[in-house]
Amino acid sequence: MCGRYASTTSRETLLETFEIDPERADPELAPDYNVAPTKTSPVVIARVPKDTDDKQPQR
């Protein structure tokens with residue numbers, strides 16, 4: 001296995017599922033049934049801000 005996967009979920013579905021503001025999201029990418037590790041793909045990043053005491057991850 002070389003780490004490839006399929007990316008078929010629409011941008012709208014991802015924004016709704018993860019409750020993301022469309023203004024903060026990248027444009028929609030076409031479905032890709034052969035995503036290699038070096039290709040651009042939609043991801044949601046959640047991390048704890050460094051400059052606050054809040055320990056809740058933010059997207």
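Biologist: What is Ser 7 in contact with, leaving aside its neighbours within four places in sequence?
Modeller: Ser 7 is in contact (heavy atoms within 4.5 Å) with Pro 31, Asp 32, Val 35 and Pro 42, once its neighbours within four places in sequence are set aside. This is a predicted model, where local features need pLDDT of at least 70 and side-chain atom pairs count only at pLDDT 80 or more, while totals for chains, interfaces and linings use all residues. Residues are numbered from 1 along each chain as its sequence is written, and side-chain values use heavy atoms, with hydrogens and water left out.

Biologist: Is Ser 7 buried or exposed?
Modeller: Ser 7 counts as buried because its relative accessibility is 16%, the cut-off for buried being under 20% relative accessible area, with exposed over 50% and partly exposed in between (1.4 Å probe, protein chains only).

Biologist: And Arg 47, buried or exposed?
Modeller: Arg 47 is exposed, as its relative accessible area is 55%.

Biologist: New topic: how many residues line the largest pocket?
Modeller: The lining has 30 residues, and Ala 25, Asp 26, Pro 42, Val 43 and Val 44 lie nearest the centre of the largest pocket. A pocket here is an open set of points on a 1 Å grid over the protein atoms alone, where a 1.4 Å probe fits, with protein on both sides within 12 Å along at least five of seven lines, and lining residues have an atom within 4 Å of a point.
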